[in-house]
Amino acid sequence: MSNTNGHSANGGNPVENVIIIGSGPAGFTAGLYAARANLAPLLITGNDYGGQVSITYDIENYPGFPESLSGPELVEKFKEQAEKFGTRVEFDYVNEILVDRHPFVVRTSGGAEYLTRSIVVSTGARPRYLEIPGEKEFTGKGVSYCATCDGFFFRGKDVLVVGGGDSAAEEALFLTRYASRVRILHRRDKLRASKILQDRVFANGKIEMVWNTIPVEIVGEGGAVTGVKTRDTVTGEEGLLKTDGVFVFIGHLPNNDLFPGKLEMDEDGHLITDRHMRTNVPGVFAAGEIQDKVFKQVATSVGQGCAAAMATTRFLEDLHAGHQVDWSADPREFAAPRAAVAAL
Ligand code: NAP
């Protein structure tokens with residue numbers, strides 16, 4: 001590990017205090033808090049600006065907005081507030097991080113190379129695919145992972161929603177604005193979705209439930225979906241449901257391509273953090289759905305982003321105070337908040 005001397009080897013550019021990777025609720029909140037701690041954070045957005053919230057039509061459960069607001073509106077508010085205090089937002093995609101040296105190195109697909117004393121990872125998650133025949137072939141031709149984006153194209157048509165969680169319920173309700181009929185295919189006979197969403201689904205005359213059923217193939221003609229081959233999960237009986245569109249909401253996978261061999265992950269690919277949002281590398285913190293497989297709410301991601309920025313601030317204060325960092329030690333083994341820096 002080299003010293004953090006405030007200057008980099010990359011053309012004398014200053015070393016960043018903190019680079020935030022990702023522009024969802026966790027990332028922008030980390031930006032807000034880091035900026036207010038005078039760290040002049042650099043936030044690199046990634047390709048999916050705003051993260052999953054940006055493809056959410058209506059957000060009813062983010063506190064402070066009782067009338068609800070759209071995902072893109074909320075993202076703009078997050079960005080405006082983070083920038084107001086000095087977060088610098090770069091529309092670029094991080095394609096490599098080097099965390100086996102310090103300052104850390106962050107490289108982007110836009111060709112930038114940054115040195116940074118700390119990193120907050122908030123790369124979020126992406127939709128899980130069914131991985132059945134026809135899915136790839138008909139993506140964008142009737143298969144969709146975003147009702148907000150594509151619902152409009154199904155005005156007066158028949159659609160199937162796959163999944164039984166909050167996303168499936170919420171998106172099915174949204175699709176009733178356009179579609180003539182929405183059937184929810186679920187592999188069990190009970191929804192996982194929250195009670196309030198279940199009540200709305202069951203009360204909606206346009207929605208029908210297809211219980212104990214999984215899709216096994218998506219079929220079509222002339223480049224458009226015409227139906228879904230199904231299997232009954234109880235009887236094994238096979239069937240065919242004719243439809244114009246298939247919306248898939250069967251959970252999410254963490255965006256972790258940057259981390260294998262560098263940061264510790266669990267068996268599902270989430271970064272493993274402690275309650276101070278520390279990863280196994282001192283100075284690298286994580287927040288939001290890249291490390292949270294339990295709550296996955298805008299409100300919880302915001303809280304985790306805040307905590308990660310506060311922990312980062314403490315880490316940098318210790319670094320600037322000249323404390324020695326034991327780079328070989330896993331900071332999560334230290335109980336105290338400040339013990340990201342060893343020898344305290
Ligand atoms: P989720 O809660 O993990 O639900 C995924 C659903 O897909 C489950 O019902 C699951 O069935 C089903 N499924 C999984 N793999 C499948 C497969 N291969 N084939 C068929 N079905 C499959 O995911 P989510 O609905 O995207 O929600 C993710 C998180 O975001 C949750 O914590 C949720 O509360 C949150 N969220 C909240 C809101 C809100 O508060 N308004 C909105 C959206 C999401 P089983 O039930 O049998 O496991």
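Student: Leaving aside neighbours within four places in sequence, which residues is Asp92 in contact with?
Tutor: Asp92 touches Ile44, Thr45, Thr108, Ser109, Gly110 and Ala112. Two residues count as in contact if their C-beta atoms, placed from the backbone, lie within 7 Å.

Student: Before I go on, what kind of model is this?
Tutor: This is a predicted model, where local features need pLDDT of at least 70, side-chain atom pairs count only at pLDDT 80 or more, and totals for chains, interfaces and linings use all residues. Residues are numbered from 1 along each chain as its sequence is written.

Student: Back to Asp92 and Ser109. How many residues apart are they in sequence, and what is the C-alpha to C-alpha distance?
Tutor: Asp92 and Ser109 are 17 residues apart in sequence, and their C-alpha atoms are 6.8 Å apart in space.

Student: Where is Asp92?
Tutor: Asp92 sits in the loop between strand S3 (88-90) and S4. Asp92 is partly exposed, because it has 19 other C-beta atoms within 10 Å. The rule is: buried with 20 or more other C-beta atoms within 10 Å of a residue's own, exposed with 12 or fewer, partly exposed in between, with C-beta atoms placed from the backbone.

Student: How many helices and strands does the chain have?
Tutor: The chain has six helices and 17 strands. They are DSSP runs, helices being H or I with at least four residues and strands E with at least two, numbered from the N terminus.

Student: How is the chain divided into domains?
Tutor: Domain 1 takes in 15-126 + 252-320, and domain 2 takes in 143-248. The bounds come from an automatic or database domain assignment. Taken over C-alpha atoms, the centres of domain 1 and domain 2 are 32 Å apart.

Student: What about the whole chain: what box do its C-alpha atoms fill?
Tutor: Along the principal axes, the box is roughly 65 × 40 × 40 Å. Of the 344 residues in the chain, 43% are buried. Among contacts with a separation of 6 or more, 62% join residues 24 or more positions apart.

Student: Now helix H4 (residues 166-175). How many of its residues are buried?
Tutor: Eight of the 10 residues of H4 are buried, and the helix is mostly covered. The buried ones are Ser167, Ala168, Ala169, Glu170, Glu171, Ala172, Leu173 and Leu175.

Student: What do they pack against?
Tutor: The buried residues of H4 pack against several elements, including helix H3 (147-150), helix H5 (195-203) and strand S9 (158-162). Strand S10 (181-185), strand S11 (207-210) and strand S15 (245-248) are also among their partners.

Student: Changing topic, which peptide bond is cis?
Tutor: The bond from His102 to Pro103 is cis, with omega near 5°. Pro103 is in the loop between strand S4 (94-98) and strand S5 (104-108).

Student: And what is phi of Glu131 near?
Tutor: Phi of Glu131 is near 55°, a positive value in a residue other than glycine. Met277, another residue other than glycine, has a positive phi near 65°.

Student: Where are those two, starting with Glu131?
Tutor: Glu131 is in the loop between strand S7 (125-127) and strand S8 (143-144), while Met277 is in the loop between strand S16 (252-254) and strand S17 (284-286).

Student: Is Glu131 buried or exposed? And Met277, buried or exposed?
Tutor: Glu131 has 7 other C-beta atoms within 10 Å, so Glu131 is exposed. Met277 has 28 other C-beta atoms within 10 Å, so Met277 is buried.
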